Amino acid sequence: MDPDFLPDVVDLDRPNVARIYDWALGGTANWAIDRQYGELAVKAFPLAKTLARSNRDFLGRAVRHCVAEGITQFLDLGSGIPTAGNVHEVADEYADDCRCVYVDNEPVAVAHGRILLDEEGDPERHAVLYADLRDAEEVWEAALATGVLDPDRPICLLSVAVLHFLPDVTGVREAIRDYRTLLAPGSAYVLSHATESGVEGDELAQIRRLVKLSERSSSPAVSRSLDEIAAFFGNFDVVDPGIVPVGEWRPEPGAAPVPLASVVGGVGRKPGGRK
């Protein structure tokens, strides 16, 4: 991609999480420094690309579950760079009235998202915000200002593979709590997160190397325990099978097992609405 296309605030001197994830999924919105970091990540964690794809597949299954439960609105925090299987693309396969607001603080992700949605020409149903997910009130107001979301109806909030780049001192727990409070009854929360809980042997050593390597990126990673991850759901009812490795969350029939436990995911439902 031509750097002249980019906003002035893009940092091309350090690898960026959104661009690295794009690289891991086979995308093209990344630079040499991101690819170099990605290759180092694969050396530290040989199944890094497999884990990225497994996490993306979890996102798709979670979105399909929410649509099947009657939720057709989505607020995707830390949405990253658009690639195959975006939230609205998955949702639109199952319902023609789905709406989605994407939120990211990475300029490349936001620019690509806006280009993608402009090409689709449906501004009433989809939007992209350049914002910091930790400011829940600002993000919420901006998301509603797009006219895409109806706050009186259930919304699916997503924070997929993003919170492990935000330590507690950043106020991320308070932010997610505020989002949960703002959501209408019957809303859902989809989360995936890196962990060392239940991880053993080579995978544990590798995930620790990967966390250490992340200190070279623009967003160093943190690993939380399962209890710490579960706390993000607050009083939401976590649906079966609970918070489990992403490859084990309602896999498609006949899908090959993913023998990785270092990223877990789950879906919660806010009490008071349809179960």
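Which residues are buried in helix α7 (residues 172-182)? In this helix V172, A175, I176, Y179 and R180 are buried, where buried means under 20% relative accessible area with a 1.4 Å probe and protein chains only, exposed means over 50%, and partly exposed lies in between. Seen down the axis of α7, these buried residues fall within an arc of 140°, so they line one face of the helix; the arc is that of the directions from the helix axis to the C-beta atoms. An α-helix has 3.6 residues a turn, so residues three or four places apart point the same way.

The structure is a predicted model, in which local features need pLDDT of at least 70 and side-chain atom pairs count only at pLDDT 80 or more, whereas totals for chains, interfaces and linings use all residues. Residues are numbered from 1 along each chain as its sequence is written, and side-chain values use heavy atoms, with hydrogens and water left out. Helices (H or I, at least four residues) and strands (E, at least two) are DSSP runs numbered from the N terminus.

The cover over the buried residues of α7 includes β1 (73-77), α6 (136-145), β4 (156-160) and β5 (188-194), contact being heavy atoms within 4.5 Å. Strand β1 is itself mostly covered, with 5 of its 5 residues buried: Q73, L75 and L77 point one way from the strand, while F74 and D76 point the other way. Two strands pair if DSSP finds at least two bridges between them. By 5 bridges β1 is joined to strand β2 (residues 99-104), and the two run parallel; within β2, R99 is the bridge partner of Q73. A further 3 bridges join β1 to β4, again in parallel, and here F74 stands opposite C156.

A search of the whole structure finds 0 disulfides, a disulfide being a pair of cysteine sulfur atoms within 2.5 Å.

| Cysteine | Nearest cysteine sulfur | Distance |
|---|---|---|
| C98 | C100 | 9.2 Å |
| C156 | C66 | 3.8 Å |

C98 is buried, with a relative accessible area of 1%, and C156 likewise counts as buried, at 0% relative accessibility.

Helix α8 (residues 201-213) has 13 residues and reaches 19 Å from its first C-alpha to its last, close to the 18 Å expected at 1.5 Å a residue, where the expected span is 1.5 Å times one less than the number of residues. In α8, E203, L204, Q206, I207, L210 and L213 are buried, and the buried residues of this helix pack against α2 (32-44).
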